[in-house]
Amino acid sequence: MSLDRMFDVTGKSVIVTGAAYGLGRAYAEIMASRGADVTLLDINGDQLDRTVDEIRDSGIAGQVAGAAVDVTDRTALAEAFDAVAARQGGIDVVFANAGVDAGPGFLTPEGRRNPDGQIDALDDAHWDKVIGVNLTSIYNTMKLAARHMKAQGRGGSIIATSSIAAFYVDGIVGTPYMPAKAGVSHLVKQLAMELGRYQIRVNAICPGPFITNIAGGRMANVEDRQAFIRWSCLGRVAETDEIKPLALYLASQASGYVTGSQMVIDGGLILRPAQEID
Ligand SMILES: NC(=O)c1ccc[n+]([C@@H]2O[C@H](COP(=O)([O-])OP(=O)(O)OC[C@H]3O[C@@H](n4cnc5c(N)ncnc54)[C@H](O)[C@@H]3O)[C@@H](O)[C@H]2O)c1
């Protein structure tokens with residue numbers, strides 16, 4: 001098979017959750033620009049409409065649609081999947097991506113104790129929200145993807161956005177974020193094992209720091225990203241466009257023998273020496 005053929009996603013039916021901004025938008029852009037039919041789902045309807053219009057206007061080859069959906073609402077999410085399957089002729093690729101930040105951790109970037117981030121001060125509703133969006137909704141999304149793909153009988157690719165937070169603990173990231181992403185990465189491995197016999201591949205993208213809208217666009221602020229720049233082997237944070245080749249690889253037949261993998265894309269940040277803790 002030629003390289004072009006391996007990376008070909010023309011006519012594939014794709015869903016991306018959390019696609020109004022950031023990494024989800026980048027996934028949608030690369031898939032649409034390569035001729036896939038893409039539906040973007042997001043809780044932020046206004047921004048979603050703008051993003052869909054901008055992608056359409058960028059001269060892409062495939063069809064693009066959007067639907068305002070909260071991924072924690074199982075009924076609404078299932079209806080959105082059914083609508084996409086009917087409109088796009090099934091579902092071949094699903095990016096389970098929507099996520100939120102978890103606020104400050106128990107340490108400041110300078111390594112001092114942050115009173116609000118301590119476990120005994122953690123708001124239970126905050127824990128429930130972060131686990132609900134960042135872990136349970138990934139389960140909701142992957143379950144629906146599996147249901148459609150198994151019924152279709154033509155395989156598929158499910159790609160979850162996890163994080164390097166799945167592999168290490170970090171005091172400056174809000175505590176609920178870490179077990180949520182560890183859970184996502186473990187769920188990916190579990191489902192890869194279960195769904196392989198149906199030729200449904202399940203993989204995780206584990207990003208380090210990318211400039212997106214997460215945490216109110218914190219990474220766009222030069223001061224806020226200094227700690228990440230210091231810790232990255234490459235001395236910088238990443239632009240969302242840099243996720244696109246990996247997304248295309250995992251969505252296409254180029255990764256036909258890849259399942260259950262954890263694709264780290266972090267500028268080597270995970271290799272940094274342990275932080276000092278006061
Ligand atoms: N940016 C990074 O540095 C980074 C690093 C590691 C992992 N991630 C992960 O990448 C994924 C995407 O984050 P991002 O950085 O692009 O953030 P972002 O804020 O730019 O985009 C996230 C999108 O998800 C949407 N969303 C949030 N809650 C939702 C819900 N309940 N239902 C539907 N949509 C919802 C938001 O409206 C937004 O459009 C998340 O899972 C995040 O944890 C990001």
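**Ligand and pockets**

1. A polar side-chain atom of Tyr177 lies 2.6 Å from an oxygen atom of the ligand. Oxygen atoms of the ligand also lie 2.9 Å from a polar backbone atom of Phe210 and 2.9 Å from a polar backbone atom of Asn213. A polar contact here is a pair of N or O atoms within 3.5 Å; within protein, one must be able to donate a hydrogen and the other to accept it, and residues adjacent in sequence count only if both atoms are side-chain atoms. The protein covers 93% of the 820 Å² of accessible area that the ligand has on its own (Shrake-Rupley method, 1.4 Å probe; for residues, only the protein chains shown count as cover).

2. The model is predicted: local features need pLDDT of at least 70, side-chain atom pairs count only at pLDDT 80 or more, and totals for chains, interfaces and linings use all residues. Residues are numbered from 1 along each chain as its sequence is written, and side-chain values use heavy atoms, with hydrogens and water left out.

3. Around the ligand are 28 residues, of which Leu23, Asp42, Asn97, Tyr177 and Thr212 come nearest (near: a heavy atom within 4 Å). Helix H2 (22-33) and helix H6 (177-195) each supply at least two residues of this shell (helices, H or I, have at least four residues and strands, E, at least two; both are DSSP runs numbered from the N terminus).

4. The ligand sits in the largest pocket, in that more than half of its atoms lie within 2 Å of the grid points. A pocket is an open set of points on a 1 Å grid over the protein atoms alone, where a 1.4 Å probe fits, with protein on both sides within 12 Å along at least five of seven lines; lining residues have an atom within 4 Å of a point.

5. The largest pocket is lined by 48 residues, with Gly99, Val100, Asp101, Thr212 and Ile214 nearest its centre. Two or more lining residues come from each of H2, strand E2 (37-42), helix H5 (124-152), H6 and helix H7 (214-217).

6. Of the 23 residues that line the second largest pocket, Gly156, Gln199, Arg201, Ser252 and Gln253 are the closest to its centre. Helix H1 (3-6), strand E5 (156-161) and strand E6 (200-207) each give two or more residues to this lining.
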